[in-house]
Amino acid sequence: MIELVSESRCIKCNICVNVCPTNVFDKVPDAPPTIARQSDCQTCFMCELYCPVDALYVAPQVEPLTAIDEESLKETELLGSYRRNIGWGRGNTNTAKQDSTYQLLKAMKS
């Protein structure tokens with residue numbers, strides 16, 4: 001479930017608003033988007049995945065967390081962790097060719 005939009009990292013591009021399939025966010029003029037409908041979040045990670053500055057945190061839990069704060073997410077490197085773990089973003093190595101489905105399809109084409 002979406003838990004945080006970092007006010008210090010957000011560049012107000014609203015990509016998260018546009019990619020969210022369940023319309024969780026509201027655009028706010030000259031400010032980061034707000035999490036307006038957290039209970040509608042499907043934990044698809046699309047917003048975190050597409051955020052170019054790692055300003056979002058989506059928790060894998062389906063219930064909202066309590067006492068979550070940006071500083072602890074920074075310290076534990078959880079902001080943008082989903083994006084890093086799948087190899088998206090600058091300086092990351094694409095690991096798609098290591099995926100078993102990719103390997104299977106490649107073998108079938110040969």
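## A salt bridge within a helix

Lys74 counts as partly exposed, at 31% relative accessibility; buried means under 20% relative accessible area, exposed over 50%, and partly exposed in between (1.4 Å probe, protein chains only). Glu70, at 18% relative accessibility, counts as buried. Lys74 and Glu70 form a salt bridge whose closest N and O atoms are 3.4 Å apart; the term denotes a side-chain nitrogen of Lys or Arg within 4 Å of a carboxyl oxygen of Asp or Glu.

About one helical turn separates Lys74 from Glu70, because they are four residues apart in helix H3 (residues 70-75). Helices (H or I, at least four residues) and strands (E, at least two) are DSSP runs, numbered from the N terminus.

## Basis of the model

The model is predicted, and local features need pLDDT of at least 70, side-chain atom pairs count only at pLDDT 80 or more, and totals for chains, interfaces and linings use all residues. Residues are numbered from 1 along each chain as its sequence is written, and side-chain values use heavy atoms, with hydrogens and water left out.

The structure holds three salt bridges. One of them joins the side chains of Arg37 and Asp26, with 2.7 Å from N to O. This pair links distant parts of the chain, eleven residues apart: Arg37 is in the loop between strand E3 (31-35) and helix H2 (46-50), and Asp26 is in strand E2 (residues 25-28). Arg37 is partly exposed, with a relative accessible area of 27%, and Asp26 is partly exposed at 31%.

Asp54 and Arg83 also meet through their side chains in a salt bridge (2.9 Å, N to O). Here, too, distant parts of the chain are linked, 29 residues apart: Asp54 lies in the loop between H2 and strand E4 (56-58), and Arg83 in helix H4 (residues 81-86). Both Asp54 and Arg83 are buried.

Strands E2 and E3 pair in the antiparallel sense over three bridges; two strands pair if DSSP finds at least two bridges between them. Phe25 has Ile35 in E3 as its bridge partner. The hairpin has two residues between the strands, and Asp30 takes a positive phi near 55 degrees in it.

## A nonpolar surface patch

Tyr50, Ile86 and Trp88 make a nonpolar surface patch of about 250 Å². Patches are made of residues with over 30% relative accessible area and no salt bridge, with like charges joined within 9 Å and nonpolar side chains (Val, Leu, Ile, Met, Phe, Trp, Tyr) within 5 Å. Accessible areas come from the Shrake-Rupley method with a 1.4 Å probe; for residues, only the protein chains shown count as cover. Ile86 is found in helix H4 and counts as partly exposed at 31% relative accessibility.
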